[in-house]
Every structure is written in C-alpha cells, then in structure tokens.
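I would ask everyone to look at the sequence and the structure together as I speak.

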Amino acid sequence: MDGMVLESDEPITYEDDNTTIRATKNASLRGNDFLLFADHISWNRKSGEAFAAGSVSLTRGNSRILSDELRLSTSTGDFTAQNCRGGEPPTFFIAKSIERNSSVETYLDAQVYMSEPGFLEPNFRTSRYSVDDNLSTFSIAAPQFRLGDFLIGILPGYSGKKRSGLFLDPVIKTGKDSSLGWFGETSLNHSWNDLTTSTKLTYYLDRGFFISPVFSYNKSYDDGFFNSTVTGGWINDQADRLSADARNYPLERNRGYSHFSSTSRHKDRLRSSTLIEWESDSEIIRDFKRSQFYGNQWNQSHNEFSYEGDGYTISILTRWQANNHEAIVEQLPLLNLDFGPSKLGDTKLFQSTSLNYANLYNRNQFGETLYSTRRMSLGHKVERPISLSDGLRLIPSFSLLNQDYQLNDTSENRSFYCYGADLHAAMHQVLPYTNQVWEFDYILHLMKLSLGFRVTETLNVSNRENIPKIYPIVEDLNLSPLDLLDHRNSEEVSQKDQIRIGWESVFLTKWNQKSRKIFSMRTYYDMINHAPDREINGNFIYSDIAIHPSYWIGLNLRNKFDTKSGDNFRKSYSLSLYDGRFQGVSLGYLSYLNFNNYSSFYGWKRLNEKLYSSTSALYDLDANYLTYLSGRLEYRAGSSWVWDFSITQRKGTRKENNLEWTLGLSLGGFKLNRLAEPEGLSSLYSM
C-alpha cells in the first residue's frame with residue numbers, strides 16, 4: 001500500500017493490532033490515482049479495504065462520485081457506493097447504487113443528464129446501465145428519455161460497442177426572408193466518435209421543404225489521417241414563377257446540390273485530395289444557402305493522388321466540369337513527375353527535372369467543348385550553390401523547358417532557356433529584452449535579404465499564333481513565379497527579363513518555455529519585369545505583414561500594386577482585438593483590382609454567462625451603403641437550452657437585396673460552453 005495517506009481533524013485510532021485505521025471528522029484517504037473524503041473512514045492496511053460514510057466524495061481523474069457510503073478496494077480500485085450522484089463534465093448522473101468490479105461499472109436506478117440538472121433539461125433514466133472500459137462495450141435496460149420530469153418516450157434495451165464523445169444538438173427556428181418568405185426550420189446535430197452528422201429540414205411557406213444533410217468523418221491514426229465531408233440539399237421548388245439561371249435558362253422545379261471533400265495521408269508518402277461540387281443550377285446556393293455563397297462562387301471538381309519518394313514526386317490530377325452552367329478547363333488528366341534537386345555526379349552541381357503531361361478540354365457554360373489539346377512539358381534545371389561567407393550564398397542557375405502541343409488538326413512545339421542567379425543573405429540576432437506585461441523573455445530576430453534575376457529567351461517556336469490560350473489571362477493578386485520551371489503547366493511562358501528584390505523578417509519571443517511569432521514581414525519588389533509577348537506587365541511591389549505582440553491583438557496587412565501604372569491589385573488590412581472570453585472586435589479594409597472598396601467590422605461580447613451577442617458588417621465605400629449587416633443575440637436558459645435571435649441584411653448584388661430574421665431554440669448543453677468566437681468575416685482578408 002505504498003503512497004497511501006490517511007488524514008483527519010481528529011486523532012487517528014488503530015485497531016486489530018494496528019491493522020485497521022479509523023479517521024473521523026474531515027477524513028481523507030489519498031492514493032496514487034484517487035482522493036477520498038468523508039466524515040468517517042476506516043482502512044484495513046492488510047487487505048486494502050476502505051469504508052467511508054457521511055458526505056463521501058471520491059475523485060478519480062476527471063470524474064467525481066458523491067454518496068452516503070462507499071466501500072473501496074485500494075489495491076484493485078473496485079468499489080460499491082450507495083445513493084450516488086456525480087459525473088465527468090459535462091455529464092451528470094444520479095443513481096441508487098454504483099458497483100465497479102474490475103473494469104465493469106454498473107449503475108442501478110440511474111438518471112443521466114448531459115449537463116447540470118434543471119427544468120426541462122434532457123436526461124434518460126434506466127434501471128440498469130453497465131459499461132466495460134477494457135472491452136469498450138456497454139448495455140442499458142429500456143431507457144426513458146425525458147425533458148426534466150416529463151416523459152418523452154421509452155426506448156428498447158440495447159447493448160453494443162461503447163462510443164465516446166456522443167452528443168445531440170437539436171435546433172428549432174422560425175423566421176422570414178424578404179425573398180423566400182416565411183419559413184420554419186429544425187435540425188439535429190449528432191456526434192459520435194469520429195462521425196459528425198447534421199440534418200436540417202426547412203419548410204418555406206411559399207417554396208416547399210428544403211432538406212440539407214451534412215456528414216463528416218475525421219480519423220487519425222499512427223501513420224496518417226482521413227478526413228471527409230459530404231454536404232447536400234434538395235427541394236421541389238413550389239414558387240409561382242421560377243427565375244432564370246446565370247445563362248438565362250429557366251430553373252427546374254427539382255433543385256439541389258451535393259458537395260464532397262476528402263483529404264488523406266498515409267505514411268508521409270501517399271496523399272489524396274478530392275473535391276466534388278455539383279449544383280443543379282447556378283442559383284441554388286444564392287437562393288437557399290445565402291451564407292455560403294461567398295465560398296461557392298467558383299466551384300471545382302477534382303481529384304489528386306500524389307506520392308513522395310526519395311528524391312522524386314509523382315502526382316496525378318483530374319479536373320472536370322461537374323456543372324454545365326460554369327465554364328471550366330478540364331484536365332483529364334494532368335500528370336506531374338518531379339525529380340530532385342539531386343547532386344549531379346561528383347560535381348557541386350544540383351539538378352532538377354520536371355515532366356508534365358496534360359489532356360485539356362476547354363468547355364463553356366453550356367457544357368460545349370470549344371477546343372481540346374494535349375500538352376507535354378519537359379523541364380530541366382541545373383544550379384550551383386556557392387557559399388560566399390557565413391549567411392551569404394549565391395545560386396546561379398540555368399533552365400531549359402520544351403513544350404509540345406497536339407491540337408485537333410496540327411501539332412506545335414516551342415522551347416525556352418533561362419539563366420539567372422539568386423543571392424541570399426541570412427542574419428539573426430538575439431535581443432536580451434524582458435517584459436512581463438507583454439510576456440517577453442527575449443526576442444530572436446531572423447532576417448533574409450534576396451536578389452534574384454532571370455532572363456528567359458526563346459530557343460524555337462513554330463506558329464506562335466496556333467498555340468491556344470487555354471487559361472484566361474487573370475490579374476494575379478499574389479506574388480508571381482520567378483523561375484522558368486514554375487510555368488511548366490501554363491501558356492504564360494514567354495521571353496522576359498526580371499529582377500526581384502526580397503526582404504523577409506521575423507521576430508520570435510519566448511515565455512514560459514513556449515515560443516511565438518510576434519512579427520513577420522515579406523516584401524518583394526520586381527524592379528524590372530519586362531515581357532514583350534505578355535499582356536500584363538508591371539513593376540510590382542508585394543508585401544505581407546503580420547503583427548501579433550500579444551495573444552489579444554493582431555494586425556495583418558497585405559499589398560500588391562504596380563509602381564508603373566499605380567494600379568492596385570490587392571489591399572487588405574485587418575486589426576483584431578479580443579480577450580479570449582468576454583469580448584472581441586475585428587476591423588478590416590479590403591480593395592481588389594480597383595473595382596471594389598470595402599470596410600468590414602465584426603464584434604462579439606459575452607454580456608454575462610447567459611447572454612451573448614455578436615454583429616458583423618461590410619460597408620461599400622464607393623456606393624456609401626452597408627452591403628452586409630448581421631446581428632445575433634443568444635440567451636442560455638438553464639444548462640442546455642439556448643434561445644437565439646438573428647437578423648441579416650444583404651444589399652447591392654444580384655439576388656442579394658434581402659432581409660432575413662430568425663428566432664431559434666437549440667439544445668446546446670450537450671456541448672461545453674463556447675469561450676471564444678471566431679472572426680465572422682475573416683474570410684474577407686484571406687480572399
């Protein structure tokens with residue numbers, strides 16, 4: 001009985017030749033994995049049997065049992081308890097008796113709540129509930145499902161595999177949408193181990209029933225993971241007059257959508273990613289899932305398998321047109337084989353090889369094939385890292401790229417060579433600065449300066465005008481590629497002269513053996529970017545800055561503009577302030593490509609432990625009106641039930657001049673309380 005400690009306020013007495021020890025008045029018995037409190041405790045040091053009576057409390061790990069009396073074997077952990085209550089957060093139980101024998105716990109005349117008991121709190125009652133921790137099995141005798149003391153129904157007895165993390169979260173809502181009319185909504189969220197499901201049924205008085213299920217399965221194992229989600233929706237639309245889709249085609253009565261996404265990894269080598277986004281028409285999301293519209297404007301359906309070997313990578317990508325109302329370039333398939341960089345023999349040269357094959361079909365929004373082509377690209381790069389001094393490295397390089405095109409009635413070929421060099425200077429500095437308010441022990445500064453140039457020339461090209469422009473020319477909001485082989489899957493390859501200057505800086509700090517990033521900055525300037533055959537030229541400055549001096553404040557800035565023309569490609573700024581529990585606010589500014597100009601606001605506040613509020617807004621600075629406004633108020637009645645009221649207004653775009661309000665009641669007590677709210681408009685900054 002090593003490690004056993006018995007204490008009390010009164011003197012401890014010894015009986016049976018000091019074998020039995022008795023303690024009274026605030027007695028406690030402490031073991032390696034338990035703590036027992038009671039008014040009276042007697043313990044037999046030889047057998048290890050303990051008896052406790054009067055205000056008994058037994059704590060083991062995260063669970064606690066309160067009872068009138070309890071018998072415990074300190075050697076095996078087995079026990080019996082009478083008139084019990086307790087649980088493991090957030091669950092709570094009441095039982096006439098509990099018995100633990102080996103790994104099996106049995107509850108008799110038990111009542112189990114998923115949170116603190118109260119009026120109309122959901123619970124189930126049963127004459128017998130047994131669970132085996134070792135075998136992960138359980139059995140329950142004819143449970144009664146109740147709301148408070150009101151009987152809802154009786155279920156048959158059941159035995160089977162034990163599941164952890166089970167909770168239900170039903171929701172009932174009613175409201176009105178200025179476009180869709182009055183509606184009522186009910187949903188049931190169910191989580192069980194790795195599977196999470198949600199089924200929502202909405203009845204629109206003027207449109208009919210809309211059902212939208214969601215299934216998510218997330219599994220992690222020792223050498224990989226598998227995550228997948230299926231969402232869908234369907235309605236037989238009963239509107240008197242259905243509108244037209246984006247092609248001006250009439251909408252059908254039966255409308256729906258189905259989205260599937262899956263990612264998996266196996267042994268750090270094999271990866272798979274699948275995305276399928278099918279929609280019966282271009283308006284189904286805008287009509288019935290307005291909150292999801294921002295993330296569903298450009299749908300894709302693709303699948304990619306990749307394998308990372310020792311010094312090589314193989315990937316196969318297929319991309320197809322799942323929706324005829326969206327024009328797309330199909331890739332059936334796109335095969336990439338990348339080798340290196342690897343050392344070239346006994347020299348100090350390193351080589352990389354890239355082989356790419358694509359079978360491409362350009363389809364319009366009616367599903368018609370405009371043209372097709374097959375493209376084979378072969379690229380090779382040789383580079384020689386040269387260490388000039390500590391932290392200073394020069395990397396000259398030379399690249400070749402050849403592309404063959406097989407068109408419907410002809411074949412074309414073109415090839416390029418590229419030479420250039422990169423100069424990198426890396427520095428670091430430790431700053432002995434301590435600040436308890438900001439939680440700094442010291443600061444580590446890492447900095448990298450870079451200078452790179454590339455000259456790309458044409459080796460040969462046959463009938464330049466016959467090479468199709470498979471992908472439309474778009475204005476890139478991000479940093480464009482510098483190296484020739486980065487263009488291997490693009491028709492953007494052309495003669496060019498480019499010089500880029502880069503500056504990267506990171507400040508890290510440490511506090512209580514944990515490090516965090518308080519400042520990071522990347523800035524690049526294309527001081528020369530000349531390509532005579534390319535439609536978009538410019539000397540671009542791209543900058544990305546994140547400042548997080550503490551956990552409660554964050555500032556993000558991202559910019560890209562052309563110093564020649566002054567054109568703005570991207571301006572997005574965001575400031576976040578939050579205390580992690582009671583309140584938070586986010587302010588942002590967003591401007592893309594000189595044709596939108598928005599400011600955003602998101603704030604939330606926990607007024608008390610029962611009342612919570614949040615609001616978000618998007619303001620169009622050019623049109624001078626709120627294009628999006630949303631507010632939400634939640635009230636927690638008791639431990640489980642949550643009332644919520646929300647109102648949302650959209651303005652300024654096609655099919656989005658509407659006002660919607662909802663009043664809902666949800667069973668939220670099956671989950672732990674929310675302590676912090678994610679930013680509702682964070683996706684605007686990441687666009």
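Let us begin with a turn: strands E2 and E3 form a hairpin, and four residues lie between them. Within that turn, Asp16 has a positive phi of about 55°. Please bear in mind that the model is a predicted one.

Strand E1, covering residues 5–7, is joined by three bridges to E3, which covers residues 20–30, and the two run antiparallel. Here Leu6 has Leu29 of E3 as its bridge partner.

On to strand E4, residues 35–44: nine bridges link it with E3, again in the antiparallel sense. Arg30 is bridged to Leu35 in E4.

I now turn to another part of the chain, and to a single residue. Ser646 is found in strand E41, which spans residues 641–650. Is Ser646 buried or exposed? Its relative accessible area is 12%, and because buried means under 20%, Ser646 counts as buried.

Which residues does Ser646 touch, leaving aside those up to four places away in sequence? They are Gly631, Arg632, Glu660, Trp661 and Thr662. With Thr662 there is also a polar contact, made between the two side chains at 2.4 Å.

Thank you for your attention.

How values were computed. Residues numbered from 1 in each chain as written. Predicted model: local features only at pLDDT ≥ 70, side-chain atom pairs only at ≥ 80, totals over all residues. Heavy atoms only, no water. Buried < 20%, exposed > 50% of the residue type's maximum accessible area, 1.4 Å probe, protein only. Polar contact = N/O pair within 3.5 Å; in protein donor to acceptor, adjacent residues only side chain to side chain. Contact = heavy atoms within 4.5 Å. Pairing = 2+ DSSP bridges.
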